[in-house]
Amino acid sequence: MNVIEVRGLRKSYDGIEAVAGVDLSISKGEIFALLGPNGAGKTTTVEILEGFRARDGGDVRVLDFDPQVKGHDARVFRNRIGIVLQSTSDAGDLTVRETLHHFCGYYSNPRDPEEVITSIGLAEKSSSLIRSLSGGQRRRLDVGLGIIGNPELLFLDEPTTGFDPEARRAFWALIRSLKDGGTTILLTTHYLDEAEALADRVAVINRGKIIEISTPTELGGRATSLASVQWESNGEMHDELTSEPTSVVTRLGKEFNGEVPKLSVHRPTLEDIYLEMIGSSKGGSE
Amino acid sequence: MNSLPSTLNLGLQRGKLEIRQFMRQRESVVFTLLFPLILLAIFGSVFKDTIAPGVTFSQYFVAGMVASGLVNSGFQQLAIIIPVERDFGSLKRLRGTPMPAASYFIGKSLLVLAGMIVQVILLLAGGVLFFGLNMPTSTSKWFTFAWLILLGTATSTALGIAFSVVPKSGRGASAVVSPVVIILQFFSGVFFIFTQLPTWMQQVAAIFPLKWLTQGMRSVFLPDSFASQEVAHSWETGRTLLILIVWLVVGLFFSIRTFKWERA
């Protein structure tokens, strides 16, 4: 059974379709990244799966629950998921430890709050008031609150916005360790390198529709796409597209009989592929 | 798999947390809790006359201060704080956890009740020490006092939670909520002697709970002989109880039906 199963999901705001027929299947233990520009329908889709919004149409099962469930079943559902929202900024008059211990009490099978404090790298800050934390530290606390209930499924909405590169790496390690523990993760992010580093599969969504679902290495035909070899000769830059860059470089090495001036070999990054996909589906309206 | 913690237990946990959070905002702790006593000091110094045999204005005013303390710490505080929590996103985060809405509401009631108890102790102690306040002597008056505080807290809390959907943002909340409270205080005989207000004001006030809380508190702090000077020539205790319960039900109904966890 898939952890998330979505068929034909639709949602409109004031007659405008924010989500226009989305299908998704996410299996247990997978890290799945949802990519798309602002206003593409990412957040709406995720908030419907989290149970924050009602859908207009389609079938949705999350851990075999309809996320719109009410009453006691809603508690049972939320007991099994963890949500890290895009931005939360509490007044912050509690310490890190007090907050995690308190949230721990909401769940039937929580993780040990002290362990969580260590895993999010806030051990030294555990007695500090939240208001005294830096942006990145607050974000890590948000993640701590998302995982305190020991969720089977974790939603991460742009988790590393505002992180410095080192904090981002540490965060990625934390997410990988959650995956190793069997947690399924649905991630939305603006950072393509983050999706590449973490995700088993990525979906690109634009204008309320999924354009493609694939692995990060194969998205948009990336695995088979041409590499570009660039070099300088007679004061002019040359650019050759090829499926066999090694033989081009070997050939150039012989031609120049040694170092090739300003040589570079460039394969399309996930970002290149993504921007091309978004650009071609935009139809020039934005 | 263990079972989910009970709604009541989580409500108590929320209450502890809310009180702890409140206590850490030192300036607002001091001001909020001492406010009724400060007002008593001002009004008690300005109006020194006796309004009936054995009834000073301070004595009359204390009843109004306890009653409006209920409105301030419940209705006013919550209708301002909850939109701020909504703006911060803390409510949405709570919504995404298995904590039931009822536990959140119970937590808020406990915060209001705790603040109310401290306020009343400070007000009454200050009144007795500095303004010649006479404390009620009979058990039945203390009993009335106790249920008025409990029911008043519940009603005021429920109405504050219900009204928290009205302010569009946390920043504008105070501007929306405070005038409502201040006008009600004037109309309900908190600052003036109720029977000296224009009849239409009395009639408007009689729709809302503050007038009844104030009148109920007068039945606690004034001698029974004063009852004949009330509008109905009686304390109308039964009617007070009934009207507060009706408002409690109205407040609970709207709290449950219309509460907003996120900014629109």
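Domain bounds here come from an automatic or database domain assignment. In this predicted model, that assignment divides chain A into domain 1, made of residues 26–42 and 78–215, and domain 2, residues 221–282. The C-alpha centres of the two domains of chain A lie 37 Å apart. Their contact draws on twelve residues of domain 1 of chain A and eight residues of domain 2 of chain A. The size of an interface is often given as the accessible area lost when the parts come together. For domain 1 and domain 2 of chain A, the area buried between them is about 950 Å², with 65% of it on carbon and sulfur atoms.

An unreviewed UniProt entry lists "transmembrane region" for residues 29–47, 59–84, 105–133, 145–166, 173–194 and 241–259 of chain B. Two of these segments can be compared with the model. Residues 29–47 of chain B are 95% helix and 0% strand, and the C-alpha atoms at the ends are 28 Å apart.

The largest pocket holds about 1100 Å³. Its lining comprises 50 residues, and Phe22(B), Gln25(B), Ser28(B), Gln77(B) and Ile81(B) are those nearest the centre. Both chains contribute: helix H3 (96–104) and H5 of chain A each supply at least two lining residues, as do helix H1 (7–23), H2, H3, H4, H5 and helix H7 (170–187) of chain B. H3(B) gives the most, with twelve residues. By class, the lining of the largest pocket contains 22 nonpolar, 18 polar and ten charged residues.

The second largest pocket has a volume of about 820 Å³. Of the 28 residues that line this pocket, Lys70(A), Arg78(A), Arg95(B), Phe259(B) and Trp261(B) lie nearest its centre. Two or more lining residues come from each of helix H2 (72–79) of chain A and, in chain B, H5 and helix H10 (237–258). H10(B) provides the largest share, four residues. The lining of the second largest pocket has 14 nonpolar, six polar and eight charged residues.

Four cavities of 30 Å³ or more are found in a search of the whole structure. The largest cavity contains about 120 Å³ of space. Among its 15 lining residues, Ile83(A), Val84(A), Leu145(A), Gly146(A) and Arg93(B) lie nearest the centre. Strand E5 (81–84) and helix H5 (135–147) of chain A, together with helix H4 (90–95) of chain B, each give two or more residues to this lining. H5(A) gives the most, with four residues. Seven nonpolar, four polar and four charged residues make up the lining of the largest cavity.

The second largest cavity holds about 60 Å³. Its lining residues include Phe22(B), Thr32(B), Ser73(B), Gln77(B), Leu111(B) and Gln119(B). The elements that give two or more residues to this lining are helix H2 (26–46), helix H3 (57–88) and helix H5 (101–130) of chain B. H5(B) gives the most, with five residues. By class, the lining of the second largest cavity has five nonpolar and five polar residues, and no charged ones. Phe22(B) and Gln77(B) line this cavity, and these two residues are also among those nearest the centre of the largest pocket.

Key:
Residues are numbered from 1 along each chain as its sequence is written. Chains are lettered from A and ligands numbered from 1 in the order in which they are written. This is a predicted model: local features need pLDDT of at least 70, side-chain atom pairs count only at pLDDT 80 or more; totals for chains, interfaces and linings use all residues. Side-chain values use heavy atoms; hydrogens and water are left out. On a 1 Å grid over the protein atoms alone, a cavity is a set of points where a 1.4 Å probe fits but cannot get out, and a pocket is an open set with protein on both sides within 12 Å along at least five of seven lines; lining residues have an atom within 4 Å of a point. Grid points are joined across faces, edges and corners, and a volume is the space filled by probe spheres set on the points. Ala, Val, Leu, Ile, Met, Phe, Trp, Tyr, Cys and Pro count as nonpolar, Asp, Glu, Lys and Arg as charged, and the others, Gly among them, as polar. UniProt positions are given in the numbering used here, feature names are shortened, and annotations may be inferred rather than shown by experiment. Contact means heavy atoms within 4.5 Å. Buried area is the accessible area (1.4 Å probe) that two parts lose on being put together, summed over both.
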